[in-house]
Amino acid sequence: MAEPPGPAARRVVFTRDGVRRGVLRSMPLWVGMLPFGVVIGVLSAAKGLSFAETMLMTTIVFAGAAQLVALELWADPAPILAATIATLVVNIRMAPMGAALAPWLDRLRGWRLWGTLATLVDHSFAMAIAEQRAGGRDAGYLLGVGLGIWISWIACVAAGHLGGGMLQVPPGHPLFFASIAAFLSILVPLWRGARLDLLPWLVAGLVAIAAHRAALPVPLPLLLGTFAGAGLGAWMELRGRGAPGWK
Amino acid sequence: MEVRLDVLLAILGMALVTYASRAGGYAVLRAVRAPDWVQVLLRHLPGCLFMAYVAPPLLAGGPGAWAGAAVVVAVQLATRNLGIAILSGIAAVWGLAWLAG
C-alpha cells in the first residue's frame, strides 16, 4: 500500500500549527458526536459502571462503536473475554487506516508516530486522507483532529453518565434506540452499491438473527454474522476478479 | 470513584486490542503486504459487522423500531450528519411510542 516516497512525501512536516489547525477543523464534528457520546454515557450508567470506570474506558479505548457493542453485552461480573473479542472485531477495521496514511506516518518517529496512531478514528482518518489528497504536508493535522475528537468525546460521555445517572433511564426506553440508530447511520456512507454489498449485508443480518434465535452466547451472533457476510463478499469479489490463490 | 478489578481487566483488554488495531495495523501492513483476500475481507468487515449488530434488535423491535430505522436512514442520506440522524430516529421512536399510548 505504501508508495515509494516521492519528492512530495519527503517534505512532510509535523508542526504545532498543523496540530492546532486539526483541532479547529474537528470542532464542527463535536456537535454531531454529542448524541452518540451521551448515549454511551447513559448506557454506561444504566449498566452499572461507575463514573471513574466510564471515564477510564472512554479515555483509553476511545472507540464509540466498540464501546457501544461491549456495553450492550455488559454484565456483572464484567465479561472480560467477550468485551475484548467484540472490541477487536469492531476495531480491526482501523488496521488498514494507518497503512493508507503511510505517506505521512512514515516520516514520523517516536511519540509523534505512536501517539498519533493512538488518536486514529474514522473521522480523523477521513479528514486526513482528504487533506493529503489536497496536497497537505503537515502530519500534525492528523493528530490535531484526533485530539479534538478525543477531548469532546470524553466530555460528551461524561455529560451522558452524569445526566443518565440522575435521570435513571429505565430499560426499553426510546433513548436506547440510539444505539441502533447510531449503527444505521454509520451504515449509510459504508454502502458501496448493491453489486458489492447487498448479498453480504443480507447474509450478515440473517446469520446474526439465526444465531441469536439459536440462543448462542454473545458475541457469537455478531461474530458469525460479520464473518459470514464479509467472507461471502470477499469470495464474490475475488471470484469476479479471477484472483489466483483463492479456492 | 470505584474501579472494580473485573471491570478494569475488561477495559484494559478492550484498550489493548484497540491500540493493536490502530498501531499494529500500520506496523504490520507497512512491513508485509497483506494477501489480496485479507485486504478484501477487511474492506467488507465494517458494513457486515454493523448489519449483524442491528439486525436482531431491529427484527425484535417491531413496527416502531422499523419506522425509526427508516427515519434514521432517510435523515442520514439527506443531511450526512450522524448526530441529527440519531436524534431524528430517537424522536420518531419516542413519538410513535407516545402515540401508541
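R21(A), R25(A) and E131(A) are linked in a network of salt bridges, a salt bridge being a side-chain nitrogen of Lys or Arg within 4 Å of a carboxyl oxygen of Asp or Glu. The model is a predicted one, in which local features need pLDDT of at least 70 and side-chain atom pairs count only at pLDDT 80 or more, while totals for chains, interfaces and linings use all residues. Residues are numbered from 1 along each chain as its sequence is written, chains are lettered from A and ligands numbered from 1 in the order in which they are written, and side-chain values use heavy atoms, with hydrogens and water left out.

When residues up to four places away in sequence are not counted, R21(A) touches E131(A) and Y141(A), contact meaning heavy atoms within 4.5 Å. The side chains of R21(A) and E131(A) are also joined by a polar contact of 3.0 Å. A polar contact is a pair of N or O atoms within 3.5 Å; within protein, one must be able to donate a hydrogen and the other to accept it, and residues adjacent in sequence count only if both atoms are side-chain atoms. The C-alpha atoms of R21(A) and D138(A) are separated by 9.9 Å, although these residues are 117 residues apart along the chain.

Over all chains, the structure holds eight salt bridges, and three salt bridges are counted between chain A and chain B.

| Pair | N to O distance |
|---|---|
| E53(A) and R4(B) | 2.8 Å |
| R192(A) and D197(A) | 3.3 Å |
| R43(B) and E237(A) | 3.6 Å |

The salt bridge between E53(A) and R4(B) joins two chains, because E53(A) lies in helix α3 (residues 51–60) of chain A and R4(B) in the segment before α1 (5–31) of chain B. E53(A) is buried, with a relative accessible area of 0%, whereas R4(B) is partly exposed at 24%. Other residues of α3(A) are buried as well, including A52(A), T54(A), M55(A), M57(A) and T58(A), and this helix is followed by F62(A), whose phi is positive, near 50°.

In the pair formed by R192(A) and D197(A), R192(A) is partly exposed, with a relative accessible area of 34%, while D197(A) counts as buried at 2%. For E237(A) and R43(B), whose closest N and O atoms are 3.6 Å apart, the pair crosses between chains, from helix α13 (residues 220–241) of chain A to helix α2 of chain B. E237(A) is buried, with a relative accessible area of 15%, and R43(B) counts as partly exposed at 43%.

How many residues of each chain take part in the contact between chain A and chain B? In chain A, 92 residues are in contact with 67 residues of chain B. The two chains bury about 7000 Å² between them, 78% of it on carbon and sulfur atoms, buried area being the accessible area (1.4 Å probe) that two parts lose on being put together, summed over both. E53(A), F177(A) and V188(A) supply 9% of the area that chain A buries against chain B, more than any other three residues. Between the chains, 14 residue pairs are in polar contact (both at pLDDT 80 or more). Helix α11 (residues 177–190) of chain A gives the largest share of the side of chain A that touches chain B, 14 residues.

The largest nonpolar core has 97 residues, and those with the most contacts inside it are L68(A), W74(A) and F183(A); such a core is a set of buried Ala, Val, Leu, Ile, Met, Phe, Trp, Tyr and Cys residues joined through side-chain atoms within 4.5 Å. Helix α2 (residues 36–79) of chain B gives the most to this core, with 16 residues. Leaving aside neighbours within four places in sequence, W74(A) is in contact with residues of chain A, among them K47(A), L49(A) and M57(A), and with V7(B), A10(B) and M14(B).

Notes
Buried means under 20% relative accessible area, exposed over 50%, partly exposed in between (1.4 Å probe, protein chains only). Helices (H or I, at least four residues) and strands (E, at least two) are DSSP runs, numbered from the N terminus.
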